[in-house]
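Trainee: Could we take a close look at one helix pairing, and then widen the view from there? I would like it in one connected answer, please.

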Amino acid sequence: MTLAPVDYVILAIYFAFVLGIGWIVKRRISSSEDFLTSHRSVPVWITSLAFIAANLGAQEVVGMCSSGAKYGIMTAHFYWIGAVPAMLFIGVFMMPFYYGSRARSVPEYLKLRFDEKTRALNAITFAVMTVFSSGISMYALGLLFQLVLGWSFTASVLLSAAIVLIYTFLGGLTSAIYNEVLQFFLIVLGFAPLAILAVSKAGGWGGMSARLPEVMTHTWTYVGSASKNPMGVEAFGLMAGLGFVLSFGYWCTDFLVVQRAMAANSMSAARRTPLIAAFPKMVMPFIVIVPGIAAVALSHMSVGYAIPPKAGGGLDYDQALTTLMAQFYPSGMLGVGLTALMASFMSGMAGNVTAFNTVWTYDLYQGHIRKNAPDSHYLWVARVTTVVGVALSLATAYLASHFNNIMDFLQLVFGFVNAPLFATFLLGMFWKRTTGHGAFTGLLSGTAAAAATHGLTLAENKGRWLGSVIHEFPSTMAQNFWIAIFAWSTCFVVTILVSLASRPKRDEELRDLVYGLTDIPHDRDLPWYKRPLPLAAIVSVALIGLNLLFW
Amino acid sequence: MRDLRTPIGIFFALIGLIVAVTGVATEGRAPLETANVNLYCGLTMLVFGGLMLWLARRSA
């Protein structure tokens, strides 16, 4: 793929705008809360788009297209039973506690609700994980640009990291969120035409269905048994593992996304953030997954398109998106498409950096290192942390390029840590008897259960490190779903048992933190389209419709 | 910046204009596509940018 001068001009204009937005926002920053939490001042349409964009990193965009090519429309389960129901849940049920508690971060909520050790456990694992995942996506981006455009790995990684660093350093969370909105529109306007062009070239949905195996164009028909679908998952594992534990664990507890909603300018806006975000999120599969399916159909059609082969054999599905762009976009739109890819990377990375920043500054530094400093000191720490966070991500990117196995191992461990989280939050928010000791031991035993499940099972040669194999899964995806299910259940049961055996907090201490002791706003005076329940109902109906349409 | 819609509007109007003009001036075509992708996509972005600017003006 070669770029013309006009493509570079577009990329340069984009860089100028994101930096400019950072520069303009800078004037508003005078306290650490301005920098780290946007002082709860952002309008709802902005927080909702930022809510999706922060998750829509380059790995998500490239990876979803790649999974579309590999698994077909089944990939949409990640949206249609995964993300969207969880987004409804956090908006309707959980946001009153996050926002109402006045916590500045998710770990801080755990501190208010439970105790210091639970917060520290969550804050430390979260901080380490964010830095690593931003480094890993930086590595993926550098590799992609090297492969597709022949750009130097170092140059593209350094340039993109430097730009994210400058605009988050200048304007903090507000700057990151504002830019995420620009990036969201760019991702949609840059990738949607590709989906339309590729699908129409492949003969529309009908033409694609005719050319592809049935399983590629159905979401539910083939999940009755794991051997019938390419993901190797069966309905229960899919619904409980992905649809419940993993998705709710991510969308309802991950500070990267929750932070966007917590920056909203009112409780009502905070609750509506994930609900409004659910509308565009529902249709994202048509932009990010369907092109991958079209790519497979096109490569069956002898029109001169093929998914490139991988060095070690098989097809390199990760290149589906960029090769489609090269075939369907002339110079000009090609620049827009690549800028959109860059934008998706930056939105993901800025999301990581701002979340890391807040957790480090408030939960670890202020919580454990220096408690009662003047606010100007924490603002300074937050600015320094931005630089340190980006530097650590860069270091991780280089580590990833040399020690791929370490990265795989760490991602596996992070998975173990994350799997039980949702049980802790669910119990913490809805059962006032839950105690800090219960939450802490529940999290640890959930993580241990996850590790044990992995160590005692086998899937595609992964696992088995505890010696014996109790069960063999048809795919690593099924294995992951079941690890999550066991981790969640263990955490749930242990948290309840230990809570019952330990002394609960008094009701006064739990005000605005737990269901039953919190005033849930009903917003009766607002018009229906500004109330959470009607919005959630519309999304649910549309969601059921989508599932039936692609059944 | 009073309203985020202003910079977003300017950005897409500008990019849309550049892409649409490229479409008219170069008649550049992608390998698998015979339509003038630049012209149509450029106009779409121009309209989107204009809409954002109009919304920002209206509420100012």
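Which residues in helix 1 of chain A meet which residues in helix 15 of chain A?

Mentor: Happy to. A word on conventions: residues are numbered from 1 along each chain as its sequence is written, while chains are lettered from A and ligands numbered from 1 in the order in which they are written. This is a predicted model, where local features need pLDDT of at least 70, side-chain atom pairs count only at pLDDT 80 or more, and totals for chains, interfaces and linings use all residues.

From helix 1 of chain A come A:Val6, A:Asp7, A:Ile10, A:Leu11, A:Tyr14 and A:Val18. They meet A:Leu334, A:Gly335, A:Val336, A:Leu338, A:Thr339, A:Met342, A:Ala343 and A:Met346 of helix 15 of chain A. Contact here means C-beta atoms, placed from the backbone, within 7 Å; helices (H or I, at least four residues) and strands (E, at least two) are DSSP runs, numbered from the N terminus. By class, this contact has 11 nonpolar, two polar and one charged residues. In that scheme Ala, Val, Leu, Ile, Met, Phe, Trp, Tyr, Cys and Pro are nonpolar, Asp, Glu, Lys and Arg are charged, and the others, Gly among them, are polar.

Two packed helices are described by the angle between their axes and the distance between the axes. Here the axes of helix 1 (residues 5–26) and helix 15 (residues 333–369) of chain A come within 8 Å and cross at roughly 35°. Axes are lines fitted to C-alpha atoms, for helices over the stretch in contact, with angles from 0 to 180 degrees between N-to-C directions. The crossing is right-handed, meaning the near helix is turned clockwise from the far one by less than a right angle.

Helix 1 of chain A also holds A:Phe15. A:Phe15 counts as partly exposed because it has 19 C-beta neighbours inside 10 Å; 20 or more would be buried, 12 or fewer exposed, and partly exposed lies in between, with C-beta atoms placed from the backbone. Its C-alpha is 9.2 Å from that of A:Ser160, a residue 145 positions away in sequence.

Two backbone details in chain A are worth a look. Most residues other than glycine have a negative phi. A:Arg40, in the loop between helix 2 (32–37) and helix 3 (44–53) of chain A, has a positive phi near 45°. A:Asn461 has a positive phi of about 70° and sits in the loop between strand 1 and strand 2 of chain A. With 7 other C-beta atoms within 10 Å, A:Asn461 is exposed.

Strand 1 (residues 457–459) runs antiparallel to strand 2, joined by two bridges, and A:Leu458 stands opposite A:Gly463.

Finally, chain B has two helices and zero strands, and its C-alpha trace spans about 45 × 15 × 15 Å along its principal axes. Its contact with chain A takes 23 residues from chain B and 27 residues from chain A. On the chain B side, helix 1 of chain B gives the largest share, 10 residues.

Note on methods. Two strands pair if DSSP finds at least two bridges between them. Two residues are in contact if their C-beta atoms, placed from the backbone, lie within 7 Å.
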